[in-house]
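Subject: Handing over the structure

Hello,

Please find the structure below, followed by some notes that you can read alongside it.

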Amino acid sequence: MATKPEDAIDYRQGVFSAIKWHFGTMGAMVKGKMDYDAEDFARRAEIVAQLSQLPKEGFIEGSYSGDTDALPAIEENWDKFEGGMNMLAENTAKLAEVAASGDMDQIRPAFGEVGKTCKGCHDNFKD
Ligand code: ASC
């Protein structure tokens, strides 16, 4: 069965919503808006690292119009987009690794790198 574009859009938006849910709470801890709970932070970092491997396959042909903010620039610059997705997977894996240490001096910059990776693709590929 061929995947319908609207199902691919729902799939990747669902994954990104879950990433945002966890990354948002992590951000509150990094910024001191919420008490830092090392165990909970590390758990969320693991989840984000796993989830970050999932969205790429949802960017299929025909899924750049309709109920989506994903721009056709993704298809037109697939290698660059794929590079960004791979960087997200790598940087979230690094964040999960340092999160296990519980050392905020290592976590803060690793968290910042992930945020930059998010923003890099949003600037280029999201309406
Ligand atoms: C977040 C979030 C993003 C990224 C980005 C970082 O918490 O929802 O999309 O960080 O804003 O620059």
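Which element gives the most to the shell around the ligand? Helix H5 does, with 4 residues. Before going further, please keep in mind that this is a predicted model, in which local features need pLDDT of at least 70 and side-chain atom pairs count only at pLDDT 80 or more, while totals for chains, interfaces and linings use all residues. Residues are numbered from 1 along each chain as its sequence is written, and side-chain values use heavy atoms, with hydrogens and water left out.

The ligand

Around the ligand are Lys20, Phe23, Gly115, Cys118, Lys119 and His122, where being near a molecule requires a heavy atom of the residue within 4 Å of it. Sorted by class, this shell holds 2 nonpolar, 2 polar and 2 charged residues; here Ala, Val, Leu, Ile, Met, Phe, Trp, Tyr, Cys and Pro count as nonpolar, Asp, Glu, Lys and Arg as charged, and the others, Gly among them, as polar.

A polar side-chain atom of Lys20 lies 3.0 Å from a ligand oxygen, a polar backbone atom of Gly115 is 3.3 Å from a ligand oxygen, and for a polar side-chain atom of His122 the distance to a ligand oxygen is 3.5 Å. On its own the ligand has 310 Å² of accessible area, and the protein covers 60% of that, as computed by the Shrake-Rupley method with a 1.4 Å probe. Two or more residues of the shell come from each of helix H1 (5-30) and helix H5 (104-125), helices being DSSP runs of H or I with at least four residues, numbered from the N terminus.

The largest pocket

A pocket is an open set of points on a 1 Å grid over the protein atoms alone, where a 1.4 Å probe fits, with protein on both sides within 12 Å along at least five of seven lines, and its lining residues have an atom within 4 Å of a point. The largest pocket has a volume of about 690 Å³, which is the space filled by probe spheres set on the points. Its lining has 23 residues, and Phe16, Ser17, Cys118, His122 and Lys126 lie nearest the centre. At least two lining residues are supplied by each of H1, helix H4 (78-99) and H5, and the largest share, 8 residues, comes from H1. By class, the lining has 12 nonpolar, 7 polar and 4 charged residues.

Best wishes

Conventions. A polar contact is a pair of N or O atoms within 3.5 Å; within protein, one must be able to donate a hydrogen and the other to accept it, and residues adjacent in sequence count only if both atoms are side-chain atoms.
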